[in-house]
Amino acid sequence: MAERADGHDLVPISGLLSYRLSRTSSAMSRSAAVRYRRDFGVSLGEWRAIALIAADPTLTLNRLARRAGLDKAQMSRVVSRLTERGLVNRTAGSGRTSQLALTAEGTRAYRGLITAANERDADFLAVLTGEEARVLDRALDKLAEHALAVEESERAHPAAE
């Protein structure tokens, strides 16, 4: 195995923090997708859109896509499906934007989905002690803040030619 600059062995991919977090997040998302599809008839992307719209009634499609981590075209398809199903309303905004809001049926779906999401969250947190949960919460906040700074730094460097 190769050595890092600090003299320690290089960590294989299975031990890298980003890989471990990604695998854990993916497993959690896959199980959520199964439950939300089975119990509520929505995809994971649809659930996230519904939840984000419920949390911020001023969202436009562009802002929703950014918050959900999807490109605008993907989010447009998600919102179109939700609109066709009567869960989301689009109203004309300024320029070419449209405001998004949950319908009464969308709000009912959100209440069931957020209840299920909170149950799942409690189930995952139940495997941790109180102290572990507090440490994890602080660690995730620190990692998220640092990840954004690293991303900004990476974007500031021109691509190698």
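## Pockets, a patch and salt bridges

L125 sits in helix α5, where helices (H or I, at least four residues) and strands (E, at least two) are DSSP runs numbered from the N terminus. L125 counts as partly exposed because its relative accessible area is 37%; the cut-offs are under 20% for buried, over 50% for exposed, and partly exposed in between, with a 1.4 Å probe and protein chains only.

Before going on, keep in mind that this is a predicted model, in which local features need pLDDT of at least 70 and side-chain atom pairs count only at pLDDT 80 or more, while totals for chains, interfaces and linings use all residues. Residues are numbered from 1 along each chain as its sequence is written, and side-chain values use heavy atoms, leaving out hydrogens and water.

L125 also belongs to a nonpolar surface patch of about 470 Å², together with L17, L21, L136, L140 and L143. Such a patch takes residues with over 30% relative accessible area and no salt bridge, joining nonpolar side chains (Val, Leu, Ile, Met, Phe, Trp, Tyr) within 5 Å and, for charged patches, like charges within 9 Å. The areas come from the Shrake-Rupley method with a 1.4 Å probe, and for residues only the protein chains shown count as cover. Helix α6 gives the most to this patch, with three residues.

Now for the empty space. Rolling a probe the size of a water molecule over the atoms shows where such space is left. Here a pocket is an open set of points on a 1 Å grid over the protein atoms alone, where a 1.4 Å probe fits, with protein on both sides within 12 Å along at least five of seven lines; lining residues have an atom within 4 Å of a point. Points are joined across faces, edges and corners, and the volume is the space filled by probe spheres set on them.

The largest pocket has a volume of about 590 Å³. It has 17 lining residues, and L21, T24, M28, L136 and L140 lie nearest its centre. Two or more lining residues come from each of α1 (17–40), α5 (104–125) and α6 (130–156). By class, that lining has twelve nonpolar, two polar and three charged residues; Ala, Val, Leu, Ile, Met, Phe, Trp, Tyr, Cys and Pro count as nonpolar, Asp, Glu, Lys and Arg as charged, and the others, Gly among them, as polar.

The second largest pocket holds about 290 Å³ of space. Its lining includes M28, W47 and F124, and α1 supplies the largest share, five residues.

What about charged side chains? Those of opposite charge can pair when their charged atoms come close. The structure holds ten salt bridges, each a side-chain nitrogen of Lys or Arg within 4 Å of a carboxyl oxygen of Asp or Glu. Here are some of them:

| Pair | N to O distance |
|---|---|
| D39 and R38 | 2.7 Å |
| D56 and R67 | 2.7 Å |
| E151 and R155 | 2.8 Å |

D39 and R38 are also part of a salt-bridge network with R35 and E119. D56, in the loop between α2 and α3 (61–68), and R67, in helix α3, link distant parts of the chain, eleven residues apart. Is D56 buried or exposed? D56 is buried, at 14% relative accessible area, while R67 is partly exposed at 46%. E151 and R155 are four residues apart in helix α6, so about one helical turn separates them. R155 counts as exposed at 65% relative accessibility, and E151 as partly exposed at 36%.
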